[in-house]
Amino acid sequence: MDALLGAMGLGDIGRHFPDTDDKYLGISSMRLLARVMELVHENGAAVSSAKPEAGGDARLTDAEMAQILYAPCSGQGAPSQRKSLPPPAAPVVKDGDKIAFLGDSITQFGNNPAGYVNMVMKGLELAGVKAVKIPAGISGHKSNNMLQRVDRDCLAKKPRFMTVSCGVNDVWHGKNGVPLEDFKRNMSAIFDKAAASNVAVVVLTPTLIGEDANNANNKKLDAYVDWLCAEAARRGLPLADLNAQMRYRLLDLRRRAEAEGRRDDGKLATVDGVHMNFEGNRMMAWGVLRALGVQEKDAERIWNAWRDM
């Protein structure tokens, strides 16, 4: 990292990430590298080297250094890396377990036949687990709304697991959204309620608000994502960092579009910049499955099955 910063005349890592600042305590070095690459791109440069070719589906489930180092200088932010627990070594969901999916319209539409909720259920089935879904996505809902209804819509139905996808509307709704400190209180209360009910929470970081990672909404959203990652780590909750995975996926989709002579219309992973298309849904679904312990050995079979949904 020092070599990259020095080559750009930007000082060293101590200047940008001082060890006297508590926000950098325990931070992943990969996340620092991602920020260094953002600085490189912002200064009009890129790392030059032979880069690996992206595979057909490019599932991008791990922190792939190549995708940070070789990210194109396109005005889009480099993917973030955030500290989280490693995925389980085997599926943690068992036959008959109920899984509640708490969220907003992305989760509501995720219950469509080829939406991420049903892709998760199909993936679990192919991994040998027959679980039961509890769809609980409602359009327009923010953290305060989800806190008000989590008992009725999720916990009262006795799930073993509950995924929580929240944050997009808290930021996107502007003055009618939820400020960060209130968001923290709301989400903490949701996590506390789940713990009191012996329900295992899987934290999903909010996906991008528009496919430009550098727009104002996404820059504001970063603080919400960062807190969720830190809180999940503090509580020992499994995390699917879908925000980072969406950034990775978009890098690959942009490369592919460029190679095929297609323009980037801002709808590579979404239908409207926010709600997922097929690419976005399977990105979300695989992130959730990995957090639930589905293994890479099952990936090809699962992704092939999703094409028929």
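Covering the buried residues of helix α9 (residues 180-196) is a set of elements that includes β1 (98-103), α7 (143-153), β3 (161-165), α8 (168-172), β4 (200-204) and α10 (216-235). Contact here means heavy atoms within 4.5 Å. Helices (H or I, at least four residues) and strands (E, at least two) are DSSP runs, numbered from the N terminus. All of this comes from a predicted model, in which local features need pLDDT of at least 70 and side-chain atom pairs count only at pLDDT 80 or more, while totals for chains, interfaces and linings use all residues. Residues are numbered from 1 along each chain as its sequence is written, and side-chain values use heavy atoms, with hydrogens and water left out.

Let's stay with α9 for a moment. The helix has 17 residues and spans 24 Å from its first C-alpha to its last, close to the 24 Å expected at 1.5 Å a residue; the expected span is 1.5 Å times one less than the number of residues. Its buried residues are F183, N186, M187, S188, I190, F191 and A194, where buried means under 20% relative accessible area, exposed over 50% and partly exposed in between (1.4 Å probe, protein chains only). Just after α9, N198 takes a positive phi of about 60°.

Rings of Phe, Tyr and Trp (its six-membered ring) pair if their centres lie within 6.5 Å; planes under 30 degrees apart count as stacked, over 60 as edge-to-face and the rest as tilted. A search of the whole structure finds 5 aromatic pairs. One of them is W303 with W306, a tilted pair at 5.5 Å centre to centre and 45° between the planes. Both tryptophans lie in helix α13 (residues 299-306), 3 residues apart, about one turn of the helix, and both are buried.

A charge meets a ring elsewhere: the charged end of R160 sits over the ring of F161, 5.2 Å from its centre. That label requires NZ of Lys or CZ of Arg within 6 Å of the ring centre and within 35 degrees of the ring normal.

| Residue | Relative accessibility |
|---|---|
| C154 | 0% |
| C229 | 4% |
| L239 | 11% |

As for disulfides (pairs of cysteine sulfur atoms within 2.5 Å), the whole structure has 0. L239 lies in strand β5 (residues 239-240). L239 and L228 are 11 residues apart in sequence and 8.8 Å apart in space, C-alpha to C-alpha.
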